[in-house]
Amino acid sequence: MILTNDFVFIHFPKNAGSFVTQCLKKVYDGRSDKTEEKKITDYFYYLFDGERTNYSKKYMSKALAYTGKKIKTQHQGCDEIPQKHRHKPIVSTIRNPFDRYVSQYNFGWWKRNPVLKEERLKQIFPSFPDLSFSEYLDLVLNYNLENTKQKNDITLDIGIYSLYYIKLFGKNYLELLSSINSIDDLEEHHFYDADFLHQENLREDLFQYLKQFGWPEEKLQVVYEHNKVNTSRDDFSYREYYSQDNIDLIKEKEALIFKLFPSYSF
């Protein structure tokens, strides 16, 4: 996560979080160019809090990872926000589930960090790491995900994206994940309040979000000028990867995301 004097940014993996992180560093690090009114507000916070009036800090701590274990990471959730920063607004990024699975497939983290032991991996997927998209979905949803669920006493039938959403934004997420049996059990009070920047409109969403904290438009032009980060392909042509069975699978497994963000569809 990134801690700023204005808000906390939750870095959601493969949702353009690295791009946002680098933009925040460019905007917040160095001399403040905010409007005079916002500078004064920041200065009073500094007097009472001792918190610097202009900074962005990458914060690392232990949190649940894809391996099913808690490791030191930059992808912590709201539960891990330091006490001093808990009063601040929370912002993160969100992405169409269909597009995100294709992005993860092409990014290839799963090839370099297999969860299954080599012997079992080769037995089930003889061609690993050269898997088709359907084989990749089988690997991550029926093996990698089950590994995480078993290690954390999770019985909920959901996909990796939904599980990670609960991990990042659920209150007491490990207890929550092990105590519910259906996404229908989840209600608004189970989650922290957060704003979301949509990956498909990221530059404009980020620009408008930062503008409300007093940054002049010329300072925020970096959002439009900064290069893409960690992109696995140049467009959003995810549809060509999916069979009808795969479409139905993602709709079922990621029903929570589609419920919370109804603008997303295939």
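Helices (H or I, at least four residues) and strands (E, at least two) are, throughout this talk, DSSP runs numbered from the N terminus. What we have here is a predicted model, in which local features need pLDDT of at least 70 and side-chain atom pairs count only at pLDDT 80 or more, while totals for chains, interfaces and linings use all residues. Residues are numbered from 1 along each chain as its sequence is written, and side-chain values use heavy atoms, with hydrogens and water left out.

Let me start with the backbone. Most residues other than glycine have a negative phi, and most peptide bonds are trans. In the loop between H6 and helix H7 (160-169) we find Asp153, which is not a glycine and yet has a positive phi of about 55 degrees. Is Asp153 buried or exposed? With a relative accessibility of 56%, Asp153 counts as exposed, the cut-offs being under 20% relative accessible area for buried, over 50% for exposed and partly exposed in between, with a 1.4 Å probe and protein chains only.

Asn172, in the loop between H7 and helix H8 (173-179), also is a residue other than glycine with a positive phi, here near 50 degrees.
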